Amino acid sequence: MGILDDARALTEGGPLCDACLGRVFADRSYGLTNAERGRSLRVAAALEDDDEPEDVDPADCWVCEGLCGQFDEWAERAAATVDGSEDEADAVEFETYQVGTRTPPLVEENEALLREMADLPEDAGEPFKSEFNREVGKRFGRLTDTTVDFGRPDVQFVLDIEDDTVETEVNSAFVYGRYRKLVRDIPQTEWPCRECDGSGRQGRQACDHCGGSGYLYEDSVEGLSAPVVRDVMDGVEALFHGAGREDVDALMLETGRPFVIEIKEPRRRDVDVDRLEGDINAFADGKVEVEGLRLAEHDMVERVKGLDASKTYRAEVEFDADVSAEALSEAVETLSGSTIEQYTPHRVDHRRASLTRTRHVYDASAEHVDARHATVEIHGEGGLYIKELVSGDEGRTDPSLADLLGVSAVVTALDVLAVEGEDEPFEREEFFR
Ligand SMILES: [Zn+2]
Ligand SMILES: [Zn+2]
């Protein structure tokens, strides 16, 4: 049987709309809608039979029961959930979208029945769902002047035909940047009080462990930055993702540490990042500074959290015996470029499995302040423990500054100057919008 015979067999079972007829042959030819395919087949068969081609209103179609005449309607309904036409509070800014459909079981059964009638494979052409997604999607794109994205769109719709509802999901927006922490004793993320679980209360009383704030520290890098982004993007929640973290008592200086702030369900995403940077820096009031803000793709979160990064530290070091400038510079020269064996330090023993690791010191330099004090700068591989590199950690780290000098040495203040990707920079174009 040829394609026209198949078409004749399909139309014999009752009124069938052009789209439902054409959909059975969706894999034939290009650049046609299924309705155009269906209409063409009907006309070609009528020409061959010297007959008048039938006109079937989708409303009378036994397969889709009118749904193929409702593409415009569903596209308008989807648009209404995000364009603010019904409720200004629903106005959402987006550039990309994706449409999904939940097909009524009855339509799926009809589709199978239709193909069976013409002895065609049950998956001939394409399923109703594909056509509905595409046709509603095309119209939605034209209505809203936006682009379809089959990966991770800004907004996603599920058209539930049976339930007669449009489910709308607004995906997160992401802002990348680097932060400096200019004041000590600020954690990176908010640190809820463990005595009151962040509630600030113990029974009827204010929690005395946290003074009723619910947080162990009044400020955090997250708390000084993320709420500003949440407000500007008008989202419901902000999440802070850092490229590692420094100790609470360490500063983060110079080029800063990469981070991503994720905003859930943002109503605005095309924000002016320069202005946002200014807003955050004003809000953080000199305790924290951000720079290099850019709108990022969602996979920047994984990159920031997962990319191997080297760190540059500056340590204030105190010796328990006099050290000469010459001895110091000789010791630091030995450390520079060396490979360090570190057995898991005493101070982190309880959290990490104990093992000996090797880490590289890429570069080291020192400033001799006086016989008992020095400032040491170390650029090392990620995971290098700096306090132990200085003290030796009772022989668990080898070599160490203390061993090389033959004195006891401790770090009295430790700051991070740079966090950089080991093999490539964090900031690669494909991770930005
Ligand atoms: Zn139909
Ligand atoms: Zn508390």
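The crossing of helices α4 and α6 is right-handed, a crossing being called right-handed if the near helix is turned clockwise from the far one by less than a right angle, and left-handed if anticlockwise. Before I go on, this is a predicted model, in which local features need pLDDT of at least 70 and side-chain atom pairs count only at pLDDT 80 or more, while totals for chains, interfaces and linings use all residues. Residues are numbered from 1 along each chain as its sequence is written, and chains are lettered from A and ligands numbered from 1 in the order in which they are written.

Let me stay with that pair of helices. Helix α4 covers residues 71-80 and helix α6 residues 128-144, and they pack at about 50 degrees with their axes 8 Å apart; helices here are DSSP runs of H or I with at least four residues, strands are runs of E with at least two, and both are numbered from the N terminus. The angle makes α4 and α6 oblique to each other, where under 35 degrees counts as roughly parallel, over 145 as roughly antiparallel, 65 to 115 as roughly perpendicular and the rest as oblique. On the α4 side the contact includes Phe71 and Trp74, and on the α6 side it includes Arg139 and Phe140, two residues being in contact if their C-beta atoms, placed from the backbone, lie within 7 Å.

The second pair is α1, residues 3-11, and α3, residues 34-49, which pack at about 105 degrees with axes 10 Å apart. That makes α1 roughly perpendicular to α3. Ile3, Leu4, Ala7 and Arg8 of α1 meet Leu41, Arg42, Ala44, Ala45 and Glu48 of α3.

Neighbours within four places in sequence aside, alanine 46 is in contact with Asp51, Glu52 and Pro53.

Further along, alanine 327 lies in helix α10, residues 325-335, and is likewise partly exposed, with 15 other C-beta atoms within 10 Å. Alanine 327 and leucine 404 are 77 residues apart in sequence and 8.8 Å apart in space, C-alpha to C-alpha.

Terms used:
A residue is buried if 20 or more other C-beta atoms lie within 10 Å of its own, exposed if 12 or fewer, and partly exposed in between; C-beta atoms are placed from the backbone. Axes are lines fitted to C-alpha atoms, for helices over the stretch in contact, and angles run from 0 to 180 degrees between N-to-C directions.
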